[in-house]
Amino acid sequence: MDVIQNVIFGFQVVLQPINLFYCFFGVLVGTLVGVLPGLGPPAAIAMLLPSTFHTTPVSAVIMLAGIYYGAMYGGSTTSILVNIPGEAASVVTCLDGYQMARKGRAGPALGIAAFGSFIAGTFAVIALTLLGPLLATLAFRFGPQEYFSMMIVGITVLTYLSSGSMIKSLMMAAVGLILGGVGMDGISGKYRFTHGIQVLADGVGLVPAVMGLFGISEVLLNLEAKIDRDILATRIKNLFPTLRDWADSIWAIIRGTVLGFFLGIIPGGGAIIASFVSYAIEKKVSKHPEEFGKGAIQGVAGPESANNAAAGGAFIPLLTLGIPSNAVMAILLGALMIHGLQPGPLLMSNAPDVFWGTIVSMYIGNAMLLVLNLPLIPLWVKVLKVPYSLLYPLIILFCLIGAYSIGNNAGDVIVMLIFGILGYLMKKFRYDGAPMILALVLGPMLEESFRQSLLSSRGDFSTFITRPISLGLLIVAVMLLIIPIITKRKRLSTLEE
Amino acid sequence: MKIILVLISVFLYAIFLEKLGFMLLTLLLLIFLLLFIEKKSWLYATLASIAMSAGAYLIFEIWLKSQLPKGFLEFLRF
């Protein structure tokens, strides 16, 4: 079978010592980045990008990819132990993971997170192997109309799934869309909303915004409250979850994996949303919803699997369609182009070593991570034991350098800081930052596809509906919007009866 | 309030980064943070800052080859 041949080819690529090294290094850095709060995959990838210039594209992508899904593993460690999410996709793990740790069950929490992540990650890679080529062929039939409709689905999913006040999330998404409009217009070449500020010429930088919104704001928040950073001194023995734990969590893991994978594929989806949704779903289907927030193991198993599966799934749009589904993918896109590769449906045929090498490296990377995570936890804990007063200047420094190294531009640093303040205020007033960031990414792409579609159809709006794929996607979006209203009506009417 | 001080210092860092250069400014920032905000001892603050600045420099400039701003200390061939 073709697939087997390709996988074997991928292994040949990955098993070269240099690539193994890069893979290992990537997942190691990724885990570390995931562990350290305030430093996330986008920042780390941005910072390490220059160092990939003098290696082959394969090695570069393998390493950068490793950082990404490695961070998903690492983030859970801090979430569980210190109630600080190492990065955004691990926020949900704090809710129950930390509670479990307080009850002395840190070991099983960490263990189930690691195993769940491994299962999910491997599943995602397998799915990627099988679906990738299929989607690449499908992608040839994608015109701007299809891209547009797909992104509409993405935004709808975002609204449908937001936890907390939907109005607030919609507001954040709207702000994100507006911010996305800043910068040079792709089609007319005019500058919009830049007010002559040079930094904004390319739009509000996504990476500084993310670093500020999630990283700096976290530091600011922590400065205020002198919460004691005592890492639970309860000895973390017994990292293996009991059979009971497995029985409780297995469905959560399965659900999280499938859910996460599909959410990862959708542009605008991604690991963060996947983790939140998984948590919400676990809570809904649980027989003991009141346990959530107090240490329900499903609250750890589900989201952790979801975010790893989403990380894997997120590669699909990038490798097959050339569309980045989130910030990290966008940076990877940049990295590919710097190395002279053209992402998109042709990537598979033009650079099969990159395509299959990356996919196979993820199998190996996941295995490495499983081995790394469990035994090295004491090491990560030591890293966290560095007193926060010493740690946060380092975090701030990393963020500053990271923001600067994006474009050698101090303006990016300022953008990051502004978003830091914004993020801090948002957290204080309980507004969710994720919809804003996602809308920020999707907005410009959405608009571009929209205008390209209309340009090619000469202003005929029906083009979105006459093309079958586009129509199908739009129907999905509409259904997603209508379903909550219908179910609410049903609930209200049954209440009245 | 701590937050305001930190914010001001970080903003100043960003503004002056390209003029004064990475090494100098980082050193200053770290010393400021450690000395005034975290109220560590003079010695601790200075030593730790030097260590961290040097470390950061090694990691980012030498190893990762990212171009950190040199500022007016350019002549020292940092």
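In what order do the elements of chain B run from the N terminus on? They run α-α-α, and the secondary structure of chain B comes to 3 helices and 0 strands. Helices (H or I, at least four residues) and strands (E, at least two) are DSSP runs, numbered from the N terminus.

## Model and confidence

This is a predicted model, in which local features need pLDDT of at least 70 and side-chain atom pairs count only at pLDDT 80 or more, while totals for chains, interfaces and linings use all residues. Residues are numbered from 1 along each chain as its sequence is written, and chains are lettered from A and ligands numbered from 1 in the order in which they are written.

The model has an ipTM of 0.83 and a pTM of 0.68. For chain B the average pLDDT (the predictor's confidence in each residue, from 0 to 100) is 76, and 81% of the residues score at least 70. Within chain B, α1(B) has the highest confidence, at a mean of 83, and α3(B) the lowest, at 79. Where pLDDT is low, the predicted coordinates should not be read in detail.

## The two chains

Chain A contains 21 helices and 2 strands. Of its 497 residues, 57% count as buried; a residue is buried if 20 or more other C-beta atoms lie within 10 Å of its own, exposed if 12 or fewer, and partly exposed in between, with C-beta atoms placed from the backbone. In chain B, 27% of the 78 residues count as buried.

Two residues are in contact if their C-beta atoms, placed from the backbone, lie within 7 Å. Among contacts with a separation of 6 or more, residues 24 or more positions apart account for 79% in chain A and for 52% in chain B.

## Where the chains meet

The contact between the chains takes 23 residues from chain B and 23 residues from chain A. On the chain B side, α1 (2-20), α2 (22-37) and α3 (42-63) each supply at least two residues, and α1(B) gives the most, with 10 residues. The side of chain B that touches chain A divides into 16 nonpolar, 3 polar and 4 charged residues. Here Ala, Val, Leu, Ile, Met, Phe, Trp, Tyr, Cys and Pro count as nonpolar, Asp, Glu, Lys and Arg as charged, and the others, Gly among them, as polar.

## Helix packing around α12(A)

Helix α11 (residues 271-285) and helix α12 (residues 298-313) of chain A have axes that come within 8 Å and cross at roughly 150 degrees. The two helices are therefore roughly antiparallel. Axes are lines fitted to C-alpha atoms, for helices over the stretch in contact, and angles run from 0 to 180 degrees between N-to-C directions; those under 35 degrees count as roughly parallel, over 145 as roughly antiparallel, 65 to 115 as roughly perpendicular and the rest as oblique. The contact includes Tyr279(A) of α11(A) and Pro303(A) of α12(A), and its residues divide into 7 nonpolar, 6 polar and 1 charged.

Helix α4 (residues 57-82) of chain A also packs on α12(A), with axes that come within 9 Å and cross at roughly 170 degrees. Tyr68(A), Tyr69(A), Met72(A) and Ser76(A) of α4(A) meet residues of α12(A) including Glu304(A) and Asn307(A).

## A buried leucine

Leu372(A) lies in helix α16 (residues 352-385) of chain A. Leu372(A) is buried because 22 other C-beta atoms lie within 10 Å. Apart from neighbours within four places in sequence, Leu372(A) is in contact with Val27(A), Leu28(A) and Thr31(A).
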